[in-house]
Amino acid sequence: MTLRELAREGETILTEAGVPDARHDARTLLLDTFHINTSEYILLAESELMNAFPTLSEGIAMPLGFYRDRIRMRAARIPLQQILGEASFMGLDFKVNGFTLCPRPDTETLVETVISEVKDKDAKVLDLCTGTGCIGISLLVCGGFKNMTLSDISKEALLVADFNAKKLAPGFSVEVIESDLFEGIPEGRKFDVIVSNPPYIKDAVIETLEPEVRKFEPRLALSGGDDGLSVYRRITEKAPLYAPSLFLEIGYDQAEEVRELLLKAGYGDIKVIKDYGGNDRVIYGRLKD
């Protein structure tokens, strides 16, 4: 069997399982399993496996079996990022697992907006619902911020965030706090900026999502209650006690409702930013004087 035949075998299995972009996922798992890049794959594609990897001390059976196991996992609709154990975000590779939401490219709009709008890089930033830590850590590494607090209700997610901070942002000031939004953060603690990608999907909608999301990503990181706004209400109720500036990711159809919550909480100069797909993605404001 050649590498190309093995890739096609994986693609066929994933296609039959209904996996979107089966060819990409089969190829990605192949390259990762055999520790080769795309150029090396092209050179070795028509070679028999034993000839392509003659230096494998354990023989070809072990990586071959590992690849087929991973294909079976993907066919079961386990997210590709969870199988690989990492996901790319803002050019950084973040560890992910079943306790964290896989970082989405759309969320990069939130990071880019904070970098653009907050000029004081010494600002104390609180990243609520941090998950993998991708937002806060990207603000440190890509945005030049210096003081970051990562907070999440999930102990397991915080372990991942802490690992990512140590791996990707060594030397930066990063604090990790287990907290259900503000409940574990002492009153009187002050930040300059709060940033958050909170759960905002309506509970009824979650059941209609692709299996990768509804079966394998944490419900806690998805559920926004019956109307998708329950966590926004809790954030905007308490955020003014902790920081004058608030940046939130939102669903494509939530801008006006979240705007009303921000206004009610005392935030003004509210702006909505679209992502690269043209959808409303970020809303932010500052407390009125």
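Begin by selecting helix 1 and helix 2, where Leu3, Leu6, Ala7, Gly10, Glu11, Leu14 and Thr15 of helix 1 meet Ala22, Arg23, Asp25, Ala26, Leu30 and Phe34 of helix 2 (contact means heavy atoms within 4.5 Å; helices are DSSP runs of H or I with at least four residues, strands are runs of E with at least two, and both are numbered from the N terminus). By class, this contact has eight nonpolar, two polar and three charged residues (Ala, Val, Leu, Ile, Met, Phe, Trp, Tyr, Cys and Pro count as nonpolar, Asp, Glu, Lys and Arg as charged, and the others, Gly among them, as polar). The model is predicted, with pLDDT of at least 70 needed for local features and 80 or more for side-chain atom pairs, while totals for chains, interfaces and linings use all residues. Residues are numbered from 1 along each chain as its sequence is written, and side-chain values use heavy atoms, leaving out hydrogens and water.

Now show the axes of helix 1 (residues 3–16) and helix 2 (residues 22–34), which come within 8 Å and cross at roughly 135° (axes are lines fitted to C-alpha atoms, for helices over the stretch in contact, with angles from 0 to 180 degrees between N-to-C directions). The two helices are therefore oblique to each other (under 35 degrees is roughly parallel, over 145 roughly antiparallel, 65 to 115 roughly perpendicular, and the rest oblique).

Next, select helix 12 (residues 230–238) and helix 13 (residues 255–265), which pack at about 20° with their axes 9 Å apart, and are therefore roughly parallel to each other. Here Tyr232, Arg233 and Thr236 in helix 12 meet Val258, Leu261, Leu262 and Ala265 in helix 13, a contact that by class has five nonpolar, one polar and one charged residues.
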